[in-house]
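The following questions and answers work through a few positions of one protein chain, moving from an annotated site to its surroundings.

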Amino acid sequence: MIRMLLAEDQHVIREALVTLLSLEPDIEVVEAVESGDAAVSAALVHRPDVAVLDIDMPGEIDGLGAAGELRSRLPGCRTLMLTGHGKPGHLRRALASQVDGFLLKTASPEELSAAIRKVARGERVLDPSLAITAWNLADNPLTPREADVLRLVAAGAEATEIAGQLFLSAGTVRNYITAIVTKLNARNRTDAVRIATEAGWI
């Protein structure tokens, strides 16, 4: 019997998944929660074999954050991520977090239960529609300093504020921003933030 924990913030989807998975003869849903924080707490109590985690959830940590916590605090628990969209940034973070599976919510109940079984056996699972995305994930072209600058731009900071925080001159910060926009082939700094965020680089 595979002991499984589910974390999904949308009540209707969570209840539907619990009902569907409870019909499987070899899967027992030991707990269903609505946030990443609750997933970690519940997993430490119930010690499931597999945690099925939605990526976008409210709370201090999202599904990927919860997966990272479980990897360090409960290494025997395998993690399968569920998401409504295969954003490159999400996929990059999932691969970097060494999750065991990544599945879109458009998967059928049969595909989900099969993925849970594979993950429980120690196999890795990647939604077939995301295989090309995973293959084509580009390396981050930004240097660590450029990423620092762009994070502050994303937070709404102006060049003089960024200069003060990073101990640079305002002119140097403007040069960094120009280089970032050029590297990312962006229209402007706002577009650069969008591109880098979607790619998971900041």
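UniProt positions are given in the numbering used here, with feature names shortened, and such annotations may be inferred rather than shown by experiment. The model itself is predicted.

Q: Which residue does UniProt mark with the feature "modified residue: 4-aspartylphosphate", and in which strand does it lie?
A: The UniProt record, an unreviewed entry, places this feature at D54. In the predicted model, D54 belongs to the strand that spans residues 50-54, namely β3.

Q: Is D54 buried or exposed?
A: Buried means under 20% relative accessible area. D54 has a relative accessible area of 4%, and therefore counts as buried.

Q: With which residues is D54 in contact, leaving aside its neighbours within four places in sequence?
A: Contact means heavy atoms within 4.5 Å. With neighbours within four places in sequence left aside, the residues in contact with D54 are A7, E8, D9, G63, M81, L82, T83 and K105.

Q: Is T79 buried or exposed?
A: T79 sits in strand β4, which covers residues 78-83. Its relative accessible area is 5%, so T79 is buried.

Q: Which backbone nitrogen does the side chain of S35 reach, and at what distance?
A: S35 is found in the loop between β2 (27-33) and α2 (36-46), and with a relative accessible area of 13% it is buried. Beyond its neighbours within four places in sequence, S35 is in contact with A7, M57 and P58. The backbone nitrogen reached by the side chain of S35 is that of A38, at 3.1 Å.

How values were computed: Residues are numbered from 1 along each chain as its sequence is written. This is a predicted model: local features need pLDDT of at least 70, side-chain atom pairs count only at pLDDT 80 or more; totals for chains, interfaces and linings use all residues. Side-chain values use heavy atoms; hydrogens and water are left out. Helices (H or I, at least four residues) and strands (E, at least two) are DSSP runs, numbered from the N terminus. Buried means under 20% relative accessible area, exposed over 50%, partly exposed in between (1.4 Å probe, protein chains only). A polar contact is a pair of N or O atoms within 3.5 Å; within protein, one must be able to donate a hydrogen and the other to accept it, and residues adjacent in sequence count only if both atoms are side-chain atoms.
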